[in-house]
Amino acid sequence: MPGQLTVDQLVAEGLEPAEAESFAARAIRAARQSPEVAWREISRQILKPEHPFELHKFLFEWTYRDWDESRGPAPAWTPTEEDIRVSNVGLMMRERGFTSVAELHAWSVRERAEFWAEMIDRLGIRFDKPYAKLLDLSGGVERAAWLTGAKLNIAESCFQADPGKPAVVYHDERGAFESLSYRELNGLVNRAANGIREAGFRAGDALAIYLPMNVQAVTIYLAIIRAGCVAVSIADSLVPQEIATRLRLANSAGIFTQDVALRGGKPLALFAKIVEAGAPRAVVIKTDESTQLRTGDVTWDDFLSDNEQFEPYIADPDEPTNILFSSGTTGEPKAIPFDHVTPIRCAVDSYLHQDVHSDDRLAWPTNLGWVMGPWLIYSSLMHRATMCLFGGAPTGRDFGRFVQDARVTMLGVIPSLVKTWRATGCMRSLDWSRVRRFTSTGECSSADDMLHLASLAGHKPVIEYCGGTELGGGYIGGTMAQPSVLAAFSTPSFGIDLVMVRDESSQTEAGEIFLVPPALGMSTRLLHHDHHAVYFEDTPRGPAGETLRRHGDAMERLPGGYYRAQGRVDDTMNLGGIKTSAVEIERVLSGVAEVSDTAAIAVTPPGGGPSMLWVFAVVRPECAAGEAALCRKLQAAIRCDLNPLFKIERLVTVDELPRTASNKIMRRVLRDSAVRMLQEHSAPAE
């Protein structure tokens with residue numbers, strides 16, 4: 001049992017003296033049980049979201065004071081038998097006769113075709129013509145073909161709910177709160193699909209979307225797919241140069257955008273940016289009547305057809321539906337096509353990992369420019385659930401009130417967003433009691449930040465989830481049938497297997513993650529890149545001689561079957577949940593006259609958490625600017641020429657960058673140097 005708990009300790013952690021005595025007595029009684037059961041009782045019945053976070057953290061550490069680390073990290077949430085019984089994973093385990101999640105996962109990769117056939121049936125995927133063969137490996141695992149012989153339009157699988165049920169609820173910064181039923185959304189999608197046809201666009205045309213994640217963005221995305229065109233996803237934070245690159249790579253024939261959007265009370269001139277990017281003809285959602293369109297552009301209201309009936313384009317499974325972009329190591333983004341099969345991966349992951357049911361309300365601050373935008377659409381609508389969209393910045397209390405008022409049951413986050421909430425305390429004392437679980441992706445998590453997040457809703461589980469655009473979802477995550485460990489994963493994703501390749505010089509159970517193909521949703525092609533060279537060239541073989549697919553993440557294997565992310569092994573980094581590469585940042589910084597050489601690296605803070613951007617720079621001798629002024633110049637270049645969301649955490653000036661004999665930057669040397677600096681900074685004074 002943990003050590004004695006005193007009233008004075010609780011007062012020191014923020015409790016009033018009058019409350020501390022009874023609080024201590026209840027906590028001590030709970031602690032007479034096993035630590036997991038004790039924490040379940042303390043976190044669910046004694047602690048309240050309005051209590052100071054320091055008290056939550058203190059009691060978590062107190063409860064697990066004598067925890068045996070050989071069992072794995074201490075769980076922050078442990079499912080009851082009822083939690084497991086009502087979960088989707090628990091249902092499959094019972095039906096298949098499995099007693100553990102590990103057994104279910106092993107079956108899903110051993111009998112891949114059987115697993116995916118069952119999941120397709122569970123989702124009720126609508127086919128115009130059924131598939132003749134679920135998986136065809138005649139072209140090898142690199143070119144696996146799924147659902148051969150089938151005919152379908154995956155958008156049709158998004159409209160199988162009761163027509164009167166809410167499909168989308170949406171709140172914007174102007175205070176408007178909308179709700180669209182499945183019937184209303186379906187009619188709006190058909191009007192937009194008819195508008196696409198009437199505008200002269202044909203099946204196969206690439207149509208870009210440069211919008212915030214709002215009702216119109218969801219409508220346009222589904223209408224493009226229903227019409228047989230290809231949605232080109234462009235994040236609304238990108239600058240004109242990056243927009244132009246994506247429009248060029250996708251050969252976009254048109255673009256949907258908005259004249260001005262509000263973010264955190266500040267106007268974002270979206271239309272002006274696509275004009276500067278030289279975008280093709282545009283359909284513009286006008287919020288300001290003074291906005292002047294170009295010749296050939298039309299407003300959204302004029303574009304929409306009055307006809308709410310539309311016959312969907314029926315496609316082969318591998319016809320593209322969406323082009324998304326991910327960081328490329330050459331500085332030019334990889335253009336990754338989704339097809340009519342990829343969304344099934346999104347929906348299967350959310351069924352088994354996030355445990356989505358038809359009565360759920362899903363919110364995840366994201367954008368169609370990132371994989372979680374399409375993921376949110378499919379994971380909501382294909383499960384007949386409700387998608388909850390907030391039109392403003394998710395960093396403040398207004399977003400928290402939206403979560404409360406929209407009755408959100410699953411809230412997705414990126415770790416840096418939670419870090420902001422914790423630093424400002426902006427989400428305290430809101431009623432998030434309807435939240436059944438959180439889910440986090442995009443960056444490495446901090447255990448303290450995730451405990452803070454859990455505490456906001458009465459200590460609900462946080463499902464960690466990691467994957468990639470090129471996978472259509474995740475390769476590792478958690479479930480509602482397993483204990484939730486802070487900032488850790490509990491199982492590889494179902495239907496996909498992984499291999500950890502260790503550095504022979506390493507003395508720890510850590511290494512680079514490689515995936516074992518095939519898996520439904522995995523990319524088999526790239527636009528303008530050699531898919532084999534990117535993912536398969538020079539990869540090692542698996543334990544049984546399997547072909548392995550490169551992914552680039554580093555993981556640490558923990559006791560108890562858990563994993564913890566260790567960042568990237570290549571030049572790619574996740575900054576604020578956005579994947580970019582060192583090459584992309586360095587290309588922009590090279591235009592700053594005061595520096596002759598730069599290296600960008602991602603640094604993980606002590607104790608874990610989201611990556612920080614550090615820049616090492618060689619300054620030209622004639623430069624008179626101080627380090628602070630130079631950092632501002634470099635930041636301005638990133639803001640103007642790449643992405644304003646990327647923030648330089650620290651600039652380090654050096655005489656020269658460490659390079660190999662072949663002139664490659666030795667980033668590991670720079671990372672080690674940065675870690676030493678952080679350790680020296682955080683070390684207590686003698």
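## Close-up views of the predicted model

**Figure 1. Helix α18 has D449, M450, L451, H452, L453, A454 and S455 as its buried residues.** Buried stands for under 20% relative accessible area, exposed for over 50%, and partly exposed for values in between (1.4 Å probe, protein chains only). The model is predicted: local features need pLDDT of at least 70 and side-chain atom pairs count only at pLDDT 80 or more, whereas totals for chains, interfaces and linings use all residues. Residues are numbered from 1 along each chain as its sequence is written, and side-chain values use heavy atoms, with hydrogens and water left out. Seven of the nine residues of α18 are buried, and the helix is thus mostly covered. Helices (H or I, at least four residues) and strands (E, at least two) are DSSP runs numbered from the N terminus. The buried residues of α18 pack against helices α3 (35-46), α4 (53-63) and α17, and against strands β17 (410-413), β18 (437-440) and β19 (462-464). Contact is defined as heavy atoms within 4.5 Å.

**Figure 2. Helix α17 (residues 415-424) crosses helix α18 (residues 447-455) at roughly 70 degrees.** The axes of the two helices come within 9 Å. Axes are lines fitted to C-alpha atoms, for helices over the stretch in contact, and angles between N-to-C directions run from 0 to 180 degrees. Helices α17 and α18 are therefore roughly perpendicular to each other. Angles of 65 to 115 degrees count as roughly perpendicular, under 35 as roughly parallel, over 145 as roughly antiparallel and the rest as oblique. The crossing of α17 and α18 is left-handed, a term for a near helix turned anticlockwise from the far one by less than a right angle, with clockwise giving right-handed. On the α17 side, P415, V418, K419, W421 and R422 take part; D448, D449, M450, H452 and L453 of α18 meet them. Sorted by class, the residues of this contact are five nonpolar, one polar and four charged. Ala, Val, Leu, Ile, Met, Phe, Trp, Tyr, Cys and Pro count as nonpolar, Asp, Glu, Lys and Arg as charged, and the others, Gly among them, as polar.

**Figure 3. An open sheet of seven strands has the order β5-β4-β16-β15-β17-β18-β19.** Pairing within the sheet is mixed. The edge strands, β5 (177-181) and β19, each pair on one side only. On average, neighbouring strands of the sheet are turned by 20 degrees against each other, direction ignored. Two strands pair if DSSP finds at least two bridges between them. Helix α15 (residues 372-381) lies across β4, β15 (361-363), β16 (386-390) and β17, and runs at about 145 degrees to β16.

**Figure 4. Strands β4 (residues 166-171) and β5 run antiparallel and are joined by five bridges.** In these bridges, Y170 has E178 of β5 as its partner, and P166 has S181 of β5. Five residues lie between the strands of the β4 and β5 hairpin, in which G175 takes a positive phi near 95 degrees.

**Figure 5. Helix α14 (residues 342-352) packs with helix α15 at an angle of about 65 degrees.** Their axes are 8 Å apart. This angle makes α14 roughly perpendicular to α15. The crossing of α14 and α15 is right-handed. Residues P343, C346, A347, D349 and S350 of α14 make the contact with W375, Y378 and S379 of α15. This contact of α14 with α15 has five nonpolar, two polar and one charged residues.

Figure 6. W614 counts as buried, at 2% relative accessibility. Residues up to four places away in sequence not counted, W614 touches A599, A600, I601, V603, E649, R650, V652, A674, M677 and L678. The C-alpha atoms of W614 and E242, 372 residues apart in sequence, are 22 Å apart in space.

**Figure 7. Two loop residues are Y131, between α8 (112-123) and β2 (133-136), and N643, between α21 (627-641) and β32 (648-654).** Y131 is partly exposed, its relative accessible area being 27%, whereas N643 counts as buried at 1% relative accessibility. With neighbours within four places in sequence left aside, Y131 is in contact with A117, L147, T148, G149 and A150. With neighbours within four places likewise left aside, N643 is in contact with S237, L238, V239, I578 and I638.
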